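Student: I am new to this structure. Please take a close look at one part, the packing of its helices and the loops beside them, and explain the terms as you go.

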Amino acid sequence: MGERMRDVICRLRTCRTIVALATMWVVMQPPGPAASAEGERSREIVRYDNVEIDLIAEGRGPLIVMLPSRGRDSEDFDDVASRLAAAGYRVLRPQPRGAGKSIGPLEGIRMQDLARDVAHVIAREKAGPAVIAGHAYGNWVARMTATDHPALVRGVVLMAAAAKAYPEELRAVVQQAGDTSLPDEQRLAALRKGFFLPTHDASVWLRGWAPAANKAQSVAASATKQAEYWHAGTVPMLDLVPDGDPFKPKERWNESREEFGARVSVVVIANASHALIPEQPGAVVDAIVAWIAKL
């Protein structure tokens, strides 16, 4: 065998050894972000009629749909959604019209229109009925969806749902918190008064507001009677009540149970106000998972 041929064979063997070692190194590495529940998160635009829904989704398993507070982006649920996905659920977060890249009519709409957006997302999954968890204003949309589309809803979670009637002054607090044209200090004061306990950092909610969604949700709520959605059809409900929520003081904690009886479970979340999600994400997840296991 010539010297040149031996040199070629040696190089081939060296390359094969390097490839084999590289392959072993990849196999031996711990899973990176792409292999985690976080890595499985996807984002796409779901279209129907003249509506486009910016949908964030992750996980595998029974469906949970999460709807944010008034004027807020559904990215508020990043932490909670990751935990629920890790617990074995498929978590869907349709951005409200006017938030993220979601678009659709924003004038002349009612709660039924917002519920139709949610129903379309659930039906598209073809995975059976969903539990809908609505935070603050989002619980109204969740109830409306259960009322208008009962075959698609397994249960509703009311997260920091305001009492059936609450002080009018709190409406101004909501408006100030979400008005991005106001100085940060004024908005922080509103957030501390209506959304966060004094020991929690209210500044985390200075961002994440969607003014177009805020306005559209106001239009929809004003055009819809509370009685049209309040009962949430006939599905079971879990009422997660923050113990420091000014929108539902202690004397109203059992209001939903008293009105709807055994189909409502009430869980009081300690050390939280109306924002709830950034304040006590672990307690929220634990309560939801435990409740769904009993459905």
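**Helix packing and loops**

Tutor: Of the protein's 295 residues, 47% count as buried, where buried means under 20% relative accessible area, exposed means over 50%, and partly exposed lies in between (1.4 Å probe, protein chains only). The model is predicted: local features need pLDDT of at least 70 and side-chain atom pairs count only at pLDDT 80 or more, while totals for chains, interfaces and linings use all residues. Residues are numbered from 1 along each chain as its sequence is written, and side-chain values use heavy atoms, with hydrogens and water left out.

The protein has 9 helices and 8 strands; these are DSSP runs numbered from the N terminus, with helices (H or I) of at least four residues and strands (E) of at least two.

A136 sits in the loop between β5 (130–135) and α4. Most residues other than glycine have a negative phi. A136 has a positive one, near 55°, and is buried at 7% relative accessible area. A160, in the loop between β6 (153–159) and α5 (169–178), also has a positive phi near 55°. Its relative accessibility is 0%, so A160 counts as buried.

Two packed helices are described by the angle between their axes and the distance between the axes. Helix α3 (residues 111–125) packs with α4 at an angle of about 75°, and their axes are 8 Å apart. The axes are lines fitted to C-alpha atoms, for helices over the stretch in contact, and angles run from 0 to 180 degrees between N-to-C directions. α3 and α4 are therefore roughly perpendicular to each other; that term covers 65 to 115 degrees, with under 35 roughly parallel, over 145 roughly antiparallel and the rest oblique. Contact, meaning heavy atoms within 4.5 Å, is made by M111, Q112, L114, A115, V118 and A119 of α3 and by Y137, W140, V141, M144, T145 and D148 of α4. By class, this contact of α3 with α4 has 9 nonpolar, 2 polar and 1 charged residues. Ala, Val, Leu, Ile, Met, Phe, Trp, Tyr, Cys and Pro count as nonpolar, Asp, Glu, Lys and Arg as charged, and the others, Gly among them, as polar.

A second pair is α2 (residues 78–86) and α9 (residues 281–292), whose axes come within 10 Å and cross at roughly 40°. α2 and α9 are therefore oblique to each other. D79, V80, R83 and L84 of α2 meet P281, G282, V285, I288 and V289 of α9, a set of 6 nonpolar, 1 polar and 2 charged residues.
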